[in-house]
Amino acid sequence: MSTRTAERAAPPAARRRSPLGFLRGRSLHIYTWLVIAWLLLPICVMILFGFNDTQSRYNTKWQGFTFKWYGELFAIDELTTALINSLLIALLTMLIAGTLGTLIGLALGRYRFRGAGPLNLVMFAAIACAEIVMGASLLSMFVTLSAPLGFWTILIAHVMFSVSFVAVTVRARVLTLDPALEEAARDLGAGPLTTFRLVTFPMIFPGVMAGSLLAFALSIDDFVITNFTAGGTVTFPLWIWGSTRVGTPPQVNVMGTLIFAVGVLLAIGLRLIARRRAA
Amino acid sequence: MSRRAAALTPYWLIMPGGLWLAIFFVVPMVMMLSLSLQQGDVVNGFQLTWHWQTYVDGVTTYHSQIVRSLQYGLASTLLQIVIGYPVAYWIAMHGGDRKTAYLFLLLLPFFVSFVLRTLSWQFFLSDDGILLGTLKSLGLVEQDYHVLATGGAVIGGLTYNFLPFMILPIYVALERVDPRLLEAAHDLYAGRVQTFLRVVLPLSLPGVFAGVLMTFVPAASDYVNATVLGGTNNTMIGNVIQNQYLVTQDYPMASALSFTLMGALLVGIFLYARALGTEDVLEVAAR
């Protein structure tokens, strides 16, 4: 009996026997790496051609290695403005959608109330809805109200499509919490705000952080909805889109590379912090 | 806090976000519906005339783009299942301690802007670019051979861009498969193929369904891939909507087409949601 229990307690990964074991190891392993290579190929191309010593605006043929474009990163004013717009909008989206989404996540994870069902349905619709339909409907509204398109309409749109993602992430975190901890805080005389500040918020913080970063990432990458709500304002993806007909300068590759590097380092850093906390 | 005040707490919490969604997601849909039934032009303004004919005109004029969108969406979704399932399977069953690392590698493309990734493909596949230029100079393919401006390039681009969204939910479903079930199947003398077909595959189907939901909608409604990789002869319904809204400014027609697209996609989504349960789909979508 005791040996059996010990066997059960062994981690499932170690004992897991794959039914398609004959494909084990080699072929599927190689296949997985091939798919990963395929996924990373365009990224490598992007990084490599940020170092291309191209003479014309058409950065399509390899002409030698240079660091020149890193030095002239901000040489194209419009591109720099576009990048600043993107970063600013992503930052504001992160703050606003992060706050609103966290509040919704708390309500859905902690309370049972009438209206939770319809709210879930609307959030589900907002996550599953085709981007072009969201962009088109917002533009329909702005046109009907003759609202001027620009920075603020982009921000409104970005908060709208990312708030549900934050809410779902935070809700998942809230559901893992033990309500007894908050009760204990209350029994010890903490008021609702103190309980939230000292007990609830620190515990849901990883969820809030993950949700807010997701909002930032969704915002800075968005093209379709921004294309509909931007008017004359240009963001980084919109500028790239506009440049495709006249040739994309290497600065775009460099900025793409830098955003990629910062994102990857940030993700790895957060992961390491989370792991250290867990240990 | 009184009991009545406590009962109101969740409503205070959801109010700002809920209002934002109501005003900027639900209301615009209603306005778009209204706009699709109006007649007029940008100069003289639009009037609500309940002109349902716009829908009929839209479907008859652009039926080839609508059909092409559904075909490309379907083709790329099927390709993603075929390409992605084995990857999800290998990571879930054989990933060992490195599962997270493999998943991270699969997510790396999302650190590069969607437009930039697609552009990078255009660049890689261009007629005398890195790939074809090399092959042509080696004499391995015809001089006038091209990949860009074909339907295949668009389907390839769509498959590439949404593949991780297919792999992740399948991975989640496979990861949840209880290893004891596999042992039980083995003990009951099921062969490896039989165990896969009768135990693992059925248990992973919810993941496949969720993956289809997450990839078919963006693929069928996309216009970035069709524009960058497909040229002018492979336009999808997204191209038409984008053009009608932003260039021609025929808002009623554009709205009617958006609604037709949304209607077609919504029917599919809600059938899925009913089969799976909304909460499950939301949870998978949030990963």
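Reply: Helices (H or I, at least four residues) and strands (E, at least two) are runs assigned by DSSP and numbered from the N terminus, and two strands pair if DSSP finds at least two bridges between them. Residues are numbered from 1 along each chain as its sequence is written, while chains are lettered from A and ligands numbered from 1 in the order in which they are written. This is a predicted model, in which local features need pLDDT of at least 70, side-chain atom pairs count only at pLDDT 80 or more, and totals for chains, interfaces and linings use all residues.

Me: Is B:Trp50 buried or exposed?

Reply: A residue is buried if 20 or more other C-beta atoms lie within 10 Å of its own, exposed if 12 or fewer, and partly exposed in between, with C-beta atoms placed from the backbone. B:Trp50 has 9 other C-beta atoms within 10 Å, so it is exposed.

Me: What about B:Ala149, why does it count as partly exposed?

Reply: B:Ala149 counts as partly exposed because it has 14 C-beta neighbours inside 10 Å. It lies in the loop between helix H6 (130-137) and H7 of chain B, and its phi is also positive, near 60 degrees, in a residue other than glycine.

Me: Stepping back, how many helices does chain B have?

Reply: The secondary structure of chain B comes to 13 helices and two strands. Its C-alpha atoms fill a box of roughly 80 × 75 × 35 Å along the principal axes, and buried residues make up 46% of its 287 residues.

Me: Which parts of chain B does UniProt call "transmembrane region"?

Reply: The unreviewed UniProt entry places that feature at residues 12-35, 72-91, 103-125, 145-174, 195-217 and 253-273 of chain B. UniProt positions are given in the numbering used here with shortened feature names, and annotations may be inferred rather than shown by experiment. In the model, residues 72-91 of chain B are 100% helix, with end C-alpha atoms 28 Å apart, and residues 195-217 of chain B are also 100% helix, with end C-alpha atoms 32 Å apart.

Me: Now chain A, which residues carry that annotation there?

Reply: For chain A, the unreviewed UniProt entry gives residues 30-51, 87-109, 121-143, 149-170, 198-220 and 254-274 as "transmembrane region". The span 149-170 of chain A is 91% helix with its end C-alpha atoms 31 Å apart, whereas the span 254-274 of chain A is 100% helix with its ends 30 Å apart. UniProt also lists "domain: ABC transmembrane type-1" (unreviewed entry) at residues 83-270 of chain A, a stretch that is 82% helix and 0% strand in the model.

Me: What pLDDT does chain A average?

Reply: The pLDDT, which is the predictor's confidence in each residue from 0 to 100, averages 86 in chain A, and 90% of the residues score at least 70. Over residues 1-16 of chain A, however, the pLDDT is below 50. Where pLDDT is low, the predicted coordinates should not be read in detail.

Me: Last topic: which residues touch the most other members of the largest nonpolar core?

Reply: A nonpolar core is a set of buried Ala, Val, Leu, Ile, Met, Phe, Trp, Tyr and Cys residues joined through C-beta atoms within 7 Å. The largest one has 146 residues, and A:Ala136, B:Ala88, B:Ile167 and B:Leu257 touch the most other members. Helix H7 (residues 151-175) of chain B gives the largest share, 15 residues. Domain 1 (18-69) and domain 2 (77-248) of chain A both give residues to this core, so it lies between them; such domain bounds come from an automatic or database domain assignment.

Me: And which residues is B:Ala88 in contact with?

Reply: Two residues are in contact if their C-beta atoms, placed from the backbone, lie within 7 Å. Leaving aside neighbours within four places in sequence, B:Ala88 is in contact with B:Ile167, B:Ile170, B:Tyr171 and B:Leu174.
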